[in-house]
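This briefing concerns the structure shown below.

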Amino acid sequence: MGPGLLLTGAIAFAAIHLGEFGWLQAHGISPLTLAIVLGMGIGNTVYPRMAATAGAGVGFSKANLLRLGIVLYGLRLTFQDIGAVGWTGVAIDAAVLCSTFGLACFLGTRVFGLDRQTAMLIGAGSSICGAAAVMAAAPVVRGRAEQVMVAVATVVVFGTLAIFLYPALYRLDAQYGLVGLSPTAYGVFAGSTIHEVAQVVAAGRAVGEQAADTAVIAKMVRVMMLAPFLILLSAWLSRADAKNAGGADPGRGRIVVPWFALGFVAVVGLHSLALLPAAVVTHAIAVDTVLLAMAMAGLGLTTHVSAIRKAGFRPLALAAVLFAWLVGGGLAINLGMGALLARP
């Protein structure tokens, strides 16, 4: 166990410190993304020779530490965040989440011929909060390491593209008056449709502080939907498995509620009460970043490039269609719900 934990810890340490470079922060490249990349680099070179001794610790990192990291992620949120964007922002986030994930499941399996796990993981990453959502959904859908890595890769590709595309669209709109997005409306649009939190921050700051603040709040409300999403997904998959089994195995349709999803909600609630000292919250968030980076490092270490190549073009094509929907359909949802719910 020890050698593997030391290895993922060293990768996480390097990723966190590399993530402090200004250029990487400006381009929305988070320590979690760096941890995956570093892990893949080592995993496809020297790690196979040490897998026998480090495998247990690496497996512990990408499974157990991930779940604990998701729980502590709740310290970044409060229920008061909902009030900051209002019920309109919550409705927009929910509509974007449901429509994007539904499209991923339908198009992924029916049009692109992907397996259910890969389609759902790509959908989770696109519709909620990027790599963290992919990793959180993986135990629920029983995704394999290579499926998880493919989904994470799509988040990195299209989330990075969003950092440059969204500010350009805002400036284009400001120049020609196409839809008349205010900095606040742009922030809600970016927060409700861009993949990763770090990418949302980068795209928001490119427009201004007001846009960045609104974007982060809208994104955090979207992140808060991770727990109910996982619970509903588990219930849906359990019913589908029971139906496919034809009643032959009564235990197969049992709903398994992810304990870390409930823990996540509990921690959000605790943080909302403002009972914890600010210093404790700050240190706990730092610990959480380390835990999640170690989990990402473990994923990277156990993912082989050959598995990603084997997945082919179809996962990237699905992610591209979902990205187009997030930009076009997400903007339509923002404008439509904003106009509808703003009425007296």
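**Largest pocket**

The largest pocket holds about 720 Å³ of space. Of the 26 residues lining that pocket, Ser30, Pro31, Arg76, Val197 and Ala198 are the closest to its centre. This is a predicted model, in which local features need pLDDT of at least 70 and side-chain atom pairs count only at pLDDT 80 or more, while totals for chains, interfaces and linings use all residues. Residues are numbered from 1 along each chain as its sequence is written, and side-chain values use heavy atoms, with hydrogens and water left out.

- A pocket is an open set of points on a 1 Å grid over the protein atoms alone, where a 1.4 Å probe fits, with protein on both sides within 12 Å along at least five of seven lines; lining residues have an atom within 4 Å of a point.
- Grid points are joined across faces, edges and corners, and the volume is the space filled by probe spheres set on the points.
- At least two lining residues of the largest pocket come from each of α2 (22-26), α3 (31-43), α10 (197-205), α11 (209-224) and α14 (278-301); helices here are DSSP runs (H or I, at least four residues), numbered from the N terminus.
- With 5 residues, α10 gives the most to this lining.
- The lining comprises 16 nonpolar, 6 polar and 4 charged residues, where Ala, Val, Leu, Ile, Met, Phe, Trp, Tyr, Cys and Pro count as nonpolar, Asp, Glu, Lys and Arg as charged, and the others, Gly among them, as polar.

**Nonpolar cores**

- The largest nonpolar core has 95 residues, of which Tyr166 and Leu230 touch the most other members.
- Such a core is a set of buried Ala, Val, Leu, Ile, Met, Phe, Trp, Tyr and Cys residues joined through side-chain atoms within 4.5 Å; buried means under 20% relative accessible area, exposed over 50%, and partly exposed in between (1.4 Å probe, protein chains only).
- Another core, of 7 residues, lies apart from the largest one and includes Leu7, Tyr47, Ala54 and Val58.
- Beyond its neighbours within four places in sequence, Tyr166 is in contact (heavy atoms within 4.5 Å) with Tyr186, Phe189, Ala190, Thr193, Ile194, Ala203, Phe323, Leu326 and Val327.

**Aromatic pairs**

- The whole structure contains 4 aromatic pairs; rings of Phe, Tyr and Trp (its six-membered ring) pair if their centres lie within 6.5 Å, and planes under 30 degrees apart count as stacked, over 60 as edge-to-face and the rest as tilted.
- Phe158 and Phe323 form a tilted pair, 5.5 Å centre to centre with 35 degrees between the planes.
- That pair joins distant parts of the chain, with Phe158 in α8 (residues 145-176) and Phe323 in α16 (residues 314-341), 165 residues apart; both Phe158 and Phe323 are buried.
- Tyr170 and Tyr186 also form a tilted pair, 5.0 Å centre to centre with 55 degrees between the planes.
- Tyr170 lies in α8 and Tyr186 in α9 (residues 183-193), 16 residues apart, and each of the two is buried.

**Helix α9 and buried residues**

- Helix α9 is largely enclosed by the rest of the structure because 8 of its 11 residues are buried.
- The buried residues of α9 are Tyr186, Gly187, Val188, Phe189, Ala190, Gly191, Ser192 and Thr193, and they pack against α5 (80-111), α8, α10, α11 and α16.
- Thr214, in α11, counts as buried at 14% relative accessibility; leaving aside neighbours within four places in sequence, Thr214 is in contact with Thr184, Gly187 and Val188.
- Leu233 lies in α12 (residues 226-245) and is buried, with a relative accessible area of 4%.
- Not counting residues up to four places away in sequence, Leu233 touches Phe101, Met120, Val140 and Val141; Leu233 and Val140 are 93 residues apart in sequence and 7.6 Å apart in space, C-alpha to C-alpha.

**Exposed loop residues**

- Arg142, in the loop between α7 (131-141) and α8, has a positive phi of about 60 degrees although it is not a glycine; Arg142 counts as exposed at 60% relative accessibility.
- Ala274, in the loop between α13 (259-272) and α14, has a positive phi near 60 degrees and counts as exposed at 64% relative accessibility.
- Phe21, in the loop between α1 (2-18) and α2, is exposed, with a relative accessible area of 53%.
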